[in-house]
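Student: I would like to learn how to read charged side-chain pairs in a model. Please take me through an example.

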Amino acid sequence: MRLFEGMLIVIHIVWFFSFLLKINVKVKGTLNLMAFLLLIIHLRLEGDRWQMGLTYILFILLTVFTIKSYMQKNAEKVLLEGVKNNRKVKRFVHILCMLIYSFGSVGLVTMMPVFQLPKPTGPFEVGMNSRHLIDESRYDSEQKARELMIQIWYPAEIRDTLKDMQYEPFPYVEWSGTMEFIFSVPRSLFEYLKYGQTNSIKDIAVSNREDKFPVLLFSHGYGSTRMQSFSQMEELASHGYIVVSVDHTNDAAYTRFPDGREIMNQTDAYSYSFNIDDEKDVKRRSKDISYVLDQLTIINHRDPQGLFNGKMDMGKIGIFGHSYGGSTAAQALLDDSRISGGINIDGPLHEPVASSGFEQPFMFILDEDYLYIPDEEIQYTNITPAEFQRYHSKITELADFHYKEGIKGDTFMLTFIAGDHYTFTDFPFLSPLLSWNIDVNQFHEVMNKYALAFFDHYVKGKEADSLLREAKREDEFYYFKANMKKD
């Protein structure tokens, strides 16, 4: 709840209460004026959102009642003329309306808050840039050529001439489109997300504190968006990485191109393939990754926007992904030798990775239930409970096998006891309902520390952090184990 939202709600509760206690009409008028001033300040500085709709409506109603009370001798007759002869009923209705408003208004703005993403802990400020790429060598059924949107976060510095630069708002366009796909509700319900604050500055110059920076690629989950883990991208960029998140068009929930064209995922949100052998989508995503790497090499040589000329260390590349993006990260390691190591955040392994593995180091970051779906949710998918149980047993066995021996490089497994599949993303910041049983900031802090330690060692080439060298570690909400095969 933002400052003036809270003050506006409180003044309306007091104002409402003044009618119940038959307070002097001058006091009601004063409350009316205070509410008006707060409303103007709120709209001016914070902006309107539908969660405050009850307050906006109540302001109009109470203003009318206050004006009428000036014009009538008996102010007790103003609010509830239909029950004027029954004071107990009138009082009960008064209290009921006040409680409904109080819980309704506070509940809406609390459960769907305007939030600030966690501050990155690294020494760099964070810049952000978007690019539209067109792969003329590949064609989609809905496009003349395969088009991709990528988002780039990078180390930056605020110089004296840029002190007034503003951080970018939360990417509500991509997120509202994603929420429409997942929940089948109008995206306008999530337009308030535009008031959320990030820690990224659009198109600011890349830092000169280092000659060039290693590159990390990110692949989103099925039916999600390249913006799904904004806070994690900021954290990694603040520690000296150029982080590139790829929208896998048609597989993403929603993609918007610079010319205003929109592409919405046309499948059902629960139509994810629960088949280990189904490699088609993962292979297409892996080709997206390799194509983006090709384009980054070109941008690094001669960037038409002048931002990244020579600033990307294309000899130091890592990859990570969430859910189906974790599957993509594994496939890309098999397909593209330019990538030094990768992290799978709660995703399954598909063929051919499931059989062959790969040489590079790899980290599994998993939820303890590892993609488990309860029976009440399975009914929305395209498989039966028995089929899902076989699938779940298989992906669990594969993760354990590749941790122990299937992947030739060093492997690590970080398993969270608390949280769920979406806690790894920025979803929990959208509502306390998505994080009521866990400290999301602490969860993300642990995840990011291990991810950073992994990339610092296997991409930057730094000495392995003690976090990685600890063979086993148990905490109240996670446990970690390491299989350093080459030390």
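**Reading the salt bridges**

Tutor: Start with burial: Asp-288 counts as buried because its relative accessibility is 0%. Keep in mind that this is a predicted model.

Student: What forms a salt bridge with Asp-288, and how far apart are the closest N and O atoms?

Tutor: In general, side chains of opposite charge can pair when their charged atoms come close. Here Arg-146 is the partner, with 2.8 Å between the closest N and O atoms. Arg-146 sits in strand S2 and Asp-288 in helix H7, so this pair ties together parts 142 residues apart in sequence. Arg-146 is buried too, at 1% relative accessibility.

Student: Which side chain does Arg-138 meet in a salt bridge?

Tutor: That of Asp-288, at 2.6 Å from N to O. Arg-138 belongs to the loop between strand S1 (125–135) and strand S2 (146–156), while Asp-288 is in helix H7 (residues 280–301), so the pair links parts 150 residues apart in sequence. With 15% relative accessibility, Arg-138 counts as buried.

Student: Where does Lys-283 lie, and where does Asp-335?

Tutor: Lys-283 and Asp-335 form a salt bridge, their closest N and O atoms being 3.5 Å apart. Lys-283 is in helix H7 and Asp-335 in helix H8 (residues 324–335), so the pair ties together parts 52 residues apart in sequence. Lys-283 is partly exposed at 25% relative accessibility, and Asp-335 is partly exposed at 36%.

Student: Which residues do salt bridges with shared partners join into one network?

Tutor: Asp-135, Arg-138, Asp-140, Arg-146 and Asp-288. The structure holds 23 salt bridges.

Terms used
Residues numbered from 1 in each chain as written. Predicted model: local features only at pLDDT ≥ 70, side-chain atom pairs only at ≥ 80, totals over all residues. Heavy atoms only, no water. Salt bridge = Lys/Arg side-chain N within 4 Å of Asp/Glu carboxyl O. Helix = DSSP H or I, 4+ residues; strand = E, 2+ residues; numbered from the N terminus. Buried < 20%, exposed > 50% of the residue type's maximum accessible area, 1.4 Å probe, protein only.
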